[in-house]
Structures are given as structure tokens and as C-alpha cells.
Amino acid sequence: MNLLINEPPLQVLPSLAIKVGLNEAIILQQLHFKSLISAHIHDGHKWVFNSYQQWQNEFPFWSEKTIKRAIRKLEDDGYIFSTDEFNKYKIDKTKWYRLNYTKLGYLTMGQHDPSNETKCPDTWGQSDPTQEDKLTPSSRDTLSPPITKDIKSNKNNIVEELDIVHEIIGYLNQTALKNFKATTTATKRLINARLADGYTLEHFKCVIDTKVKQWLHNPEMNKYLRPDTLFNATKFEGYLNETQSVQPVQHNSSGPLDLDFSKGEDL
């Protein structure tokens, strides 16, 4: 079995692990990522919901008890806030979480505010791919010994592609209450093709927001909230031009639905 990285890795800063503990740091990093793509806003903050069983599915290398222990430590130490008051039914044991970015020093590091809503680009013409979150040449040089420029360039491109595919699919899953995988070959091919056309992360989010608003509660159309429809070459630009101002869809449901719709024809 090949144990080298052949899939998107979990990342955590050693300094954060020293501060809060390794297990706790991994959970904080995952919560931060999920907060960036969350469409669930309450009291002006983005929230992430999960049951302990769902957390265990995300971290299969831990037992549920280990996860509970780490989350409770983060709650007790004030690094995360949690509640169940947003659940639709009282019997629902799903918990909602948000990070205490002030205690973590996030706001003092000049990072983006994760509570900002998705904003669609002002124009729908194709543009250069987003430059956000790309490492500068100087920062890349400090991360690894110089090998060759070609190898470093290819390596960074692969990491960036994996990151944006996961962010897009994560946003789709959160907003449309789906459970698609970002590692599917067909999905990666569709997204990378649209990126090659010049579309950006914000364009993808706007298409998702537009169609979720139209189709989420329509039983006949809900099944088309899937990558092969939304990101299709002949449909993507049309969906993007349907509106120039789409607010992220907010849901009050207690968790993602595990739906198994049969595959239909693309619209």
C-alpha cells in the first residue's frame, strides 16, 4: 500500500498544535475551512454543524471518544463556541460550531473575515484565474529546498487545483445539502476545465447560489444540483448570466441530507 500523499492532505501549523494540542489543532483547522465555505449565518457569524458521528467520518483515524474529548477541550478553553439552538427539532443532537477568532489571534494576523458573504463578480466576462491564496515565489522558496523551477511550479499548481476543487465541492455540499466527493475524476475534470476557461472561485459560488435558490425546494429540479449539470461547459456561462447579484442561500436545517437521486439528463 502506498502511504505517500496521493490525496488532499490535512494541514496544520506546528505553532497552533503547540498552543492547543495536535488533535485540537487539526479540528480547529477543519472548522476554519468549513467556516470559509459555510452559508449558515446566525447573529452575524458563520456556523458549521456536525454530529460526532459525522466528525468521525471526516476523521476516520480517530475514535468518536477522541473527537469528543478534543472538541470539549476546545470548548472549555474558549477556542470554539457551540450550541444546539439552531436545530429544527429538539431531539436533534447535532451541534453548531464557530471559532473564537479573537482568542486565536486570527484578526490580528490580517486574515480575511470568514463571516463575509459570497459576492458575485461585477462582470460575467471571462477573467484571469483568481490569485488568492497563491504562495509568492519567496514564500515557496522557504517551504522546501530549491530543486528545479519546473518541478516546484508543477507541484504548486497541483496543490492549488486540489484546494480549489475541494473548496468548490465543499461549498456545493454545504449550500445544496449534498454529499459529493471532490476526488471524483469527472468532477475534477469539469472544474479544472472551467478554471482553464478563465472562470474563478467566485464564479463557481455564484452559479451554485443561483441554482440552489431556484432548485433546492423543487423536487423535480433538486436532482440537478450536481457538478455534471452546474459546471457543464454548455451551461455554466448561461447560469452565470442569469443574475448579477445572488445572496448565499441560508438554511436552518439541522444537517446535510443524504439523498440518492437517480441521474437525469443535463438541463
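Entry 1, charges over rings. I looked up lysine 205 and found its charged end over the ring of tyrosine 171, 5.2 Å from the centre of that ring. I count a charge as over a ring if NZ of Lys or CZ of Arg is within 6 Å of the ring centre and within 35 degrees of the ring normal. Lysine 103 has its charged end over the ring of tyrosine 79, 5.1 Å from the ring's centre.

A note on the source: this is a predicted model, where local features need pLDDT of at least 70, side-chain atom pairs count only at pLDDT 80 or more, and totals for chains, interfaces and linings use all residues. Residues are numbered from 1 along each chain as its sequence is written, and side-chain values use heavy atoms, with hydrogens and water left out.

My search of the whole structure turned up 14 of them. One is tryptophan 215 with tyrosine 224, an edge-to-face pair at 6.3 Å centre to centre, with 65 degrees between the planes. (Rings of Phe, Tyr and Trp, the last by its six-membered ring, pair if their centres lie within 6.5 Å; planes under 30 degrees apart are stacked, over 60 edge-to-face, the rest tilted.) I also found one aromatic cluster made by Trp55, Phe59, Phe61, Trp62 and Tyr97.

Are tryptophan 215 and tyrosine 224 buried or exposed? Both are buried, with buried meaning under 20% relative accessible area, exposed over 50% and partly exposed in between (1.4 Å probe, protein chains only). Across the protein's 267 residues, 43% are buried.
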